[in-house]
Amino acid sequence: MTVKEKRWGVKPNAIFNLSLFLAAAALSLTAEKVEIEAQHFYFGLFLFWLFSILYNHLQTWTKTGKLNIEYGISYGLAFVLFAGPYGVFLYQVVYRTSVYLLRKIKNEKRSDSVIDTLYNIGAFTLSNVAGYYLFYAFIPYFTPFPFGFWLLILLLNGITMYISDLTLLTLLYLEKSIQTRQAAWAFLKDRSILDLWKTGFTNALLFVFLIEGRWESLIALFMLNYIVSRSFVLKSQNMQDKLERNQFEEMAYTDFLTGARNRAFMDKQMGQPKLYDAPFGVVVCDIDQFKKVNDTFNHAVGDTVIIHFAKLLQNHLAKDDCLFRTGGEEFTLFIRNRNYDGVKELVESLRLEVERSFVKAEFKGEPQHISYTASFGLFYKRFTDHTSIEKGHTYADDLLFDSKRTGRNRVTAEDGS
């Protein structure tokens with residue numbers, strides 16, 4: 001997990017970031033250097049740098065307060081166990097500086113500042129150095145047990161990651177992005193156990209391959225991790241793209257006021273083959289004398305009445321029925337899996353429910369109880385294609401007009417089957 005700060009002028013955490021870097025440099029440069037053949041060390045450093053750069057575009061981002069937090073692949077534990085504190089410090093300097101320069105060259109919006117780079121070098125070096133000292137302190141106690149080495153690496157991987165998280169949490173606190181214990185705990189526990197295990201086992205294998213000089217195996221493991229990680233990122237992106245497309249489609253087919261489907265969705269539904277397998281009722285209905293509601297009160301109260309009407313209709317429909325808002329106060333229903341008498345009975349019950357109900361609203365600071373009625377036109381038939389449903393909708397609309405013409409607050413129905 002790395003961090004990038006938004007540029008807000010003078011940064012209150014700059015001293016903290018610089019202190020981390022200086023502490024990491026002092027600790028690494030004064031620590032006893034691990035005896036490694038130079039060619040062995042530099043080739044290992046090159047491979048870790050190369051694949052770290054390759055992995056860099058697989059990072060994911062989240063925003064917490066003023067900070068952009070970057071989540072990525074970290075195999076520094078393997079390198080510190082191989083090369084010691086000085087080696088991992090050198091690796092972090094080379095890697096983080098390379099990322100800084102590459103993003104500056106590409107002019108990326110999320111490019112690091114120098115102070116960001118110092119934070120990343122310092123924080124990751126210190127957490128990995130802690131893992132280094134803990135490993136060589138406890139390995140004698142783990143070695144006698146089966147899989148003791150692997151278990152210790154898994155534990156240390158979790159410890160180093162949480163040390164890194166605590167460092168970042170301190171930075172978030174200084175930035176006032178996290179101020180409560182609950183928020184801090186939520187941040188710390190936001191770690192995937194499976195990711196910890198995957199990274200721990202990979203660090204263990206990388207360390208073994210480094211010690212034994214098994215370069216082909218090390219490269220193959222890096223490539224395997226890259227392929228798996230890239231596949232996961234692409235799959236996540238595809239799922240996100242699909243989710244966004246579905247959300248946009250949902251918005252395009254949904255009436256913003258009532259949450260009912262709109263006329264565009266009704267036109268789409270008319271093309272569904274399932275509508276042609278049995279007769280069903282097309283019902284067109286609207287609120288009687290709705291203009292009087294708007295004139296007596298206001299459009300906000302009128303919207304409340306429309307929402308009430310839509311909810312009442314929706315509450316009486318079955319799973320396979322459909323409700324569409326096809327005009328200002330006009331709605332259309334497709335009622336399926338009932339015979340003509342059943343549909344007519346349902347529509348009549350809707351009319352009575354509207355007549356007996358009232359809407360609670362507020363007008364000029366006073367509570368209002370508004371009664372209203374609705375008229376319905378029902379046309380029942382087996383429809384054979386999109387065109388015949390459109391005609392059925394027109395017939396139902398004509399029947400609604402008959403209900404209005406003959407007194408309102410009534411159902412006019414026709415069995416066209």
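Q289 is partly exposed, with a relative accessible area of 42%; buried denotes under 20% relative accessible area, exposed over 50%, and partly exposed the range in between, computed with a 1.4 Å probe on protein chains only. The structure is a predicted model, in which local features need pLDDT of at least 70 and side-chain atom pairs count only at pLDDT 80 or more, whereas totals for chains, interfaces and linings use all residues. Residues are numbered from 1 along each chain as its sequence is written, and side-chain values use heavy atoms, with hydrogens and water left out.

Q289 is located in the loop between β5 and α10; helices (DSSP runs of H or I, at least four residues) and strands (runs of E, at least two) are numbered from the N terminus. Although Q289 is not a glycine, its phi is positive, at about 45 degrees. Most residues other than glycine have a negative phi. N409 is another residue other than glycine with a positive phi, near 50 degrees. N409 belongs to the loop between α13 and β11 (411-415). With a relative accessible area of 17%, N409 is buried.

The structure contains 10 salt bridges, a salt bridge being a side-chain nitrogen of Lys or Arg within 4 Å of a carboxyl oxygen of Asp or Glu. One of them joins K404 to D288, with the closest N and O atoms 2.7 Å apart. K404 is part of helix α13 (residues 386-405) and D288 is part of the loop between β5 (280-287) and α10 (290-296), so this pair ties together parts that are 116 residues apart in sequence. D288 is buried, at 6% relative accessibility. A network of salt bridges links D286, D288 and K404.

Helix α13 also carries R405 and D402, which lie 3 residues apart, about one turn of the helix. Their side chains meet in a salt bridge with an N to O distance of 3.4 Å. R405 is exposed, its relative accessible area being 56%, while D402 is partly exposed at 24%.

A further salt bridge is formed by R351 and E348, whose closest N and O atoms are 2.6 Å apart. Both residues lie in helix α12 (residues 340-356), 3 residues apart, about one turn of the helix. R351 is buried, with a relative accessible area of 10%, and E348 is partly exposed, with a value of 28%. When residues up to four places away in sequence are not counted, R351 touches A374, F376, N409, R410 and V411, contact meaning heavy atoms within 4.5 Å.

G281 lies in strand β5 and is buried, with a relative accessible area of 0%. Its contacts, not counting residues up to four places away in sequence, are L333, F334, I335, V343, L378, F379 and Y380. The C-alpha atoms of G281 and R338 are separated by 8.4 Å, the two residues being 57 residues apart along the chain.

Two helix pairs were also examined. Two packed helices are described by the angle between their axes and the distance between the axes. Axes are lines fitted to C-alpha atoms, for helices over the stretch in contact, and angles run from 0 to 180 degrees between N-to-C directions. Helix α1 (residues 14-30) and helix α3 (residues 76-106) cross at roughly 140 degrees, and their axes come within 8 Å. This makes α1 oblique to α3; angles under 35 degrees count as roughly parallel, over 145 as roughly antiparallel, 65 to 115 as roughly perpendicular and the rest as oblique. F21, A24, A25, S28 and L29 of α1 make the contact with P85, Y86 and F89 of α3. By class, this contact of α1 with α3 comprises 7 nonpolar, 1 polar and no charged residues, where Ala, Val, Leu, Ile, Met, Phe, Trp, Tyr, Cys and Pro count as nonpolar, Asp, Glu, Lys and Arg as charged, and the others, including Gly, as polar.

Helix α5 (residues 148-174) packs against helix α7 (residues 193-212) at an angle of about 120 degrees, with the axes 8 Å apart. α5 is therefore oblique to α7, and the crossing is right-handed. Residues of α5 in the contact include F149, W150, I153 and L154, and those of α7 include L196, W197, T199 and G200. The contact of α5 with α7 divides into 13 nonpolar, 5 polar and no charged residues.

Definitions and conventions. Left-handed = near helix turned anticlockwise from the far one by under 90°.
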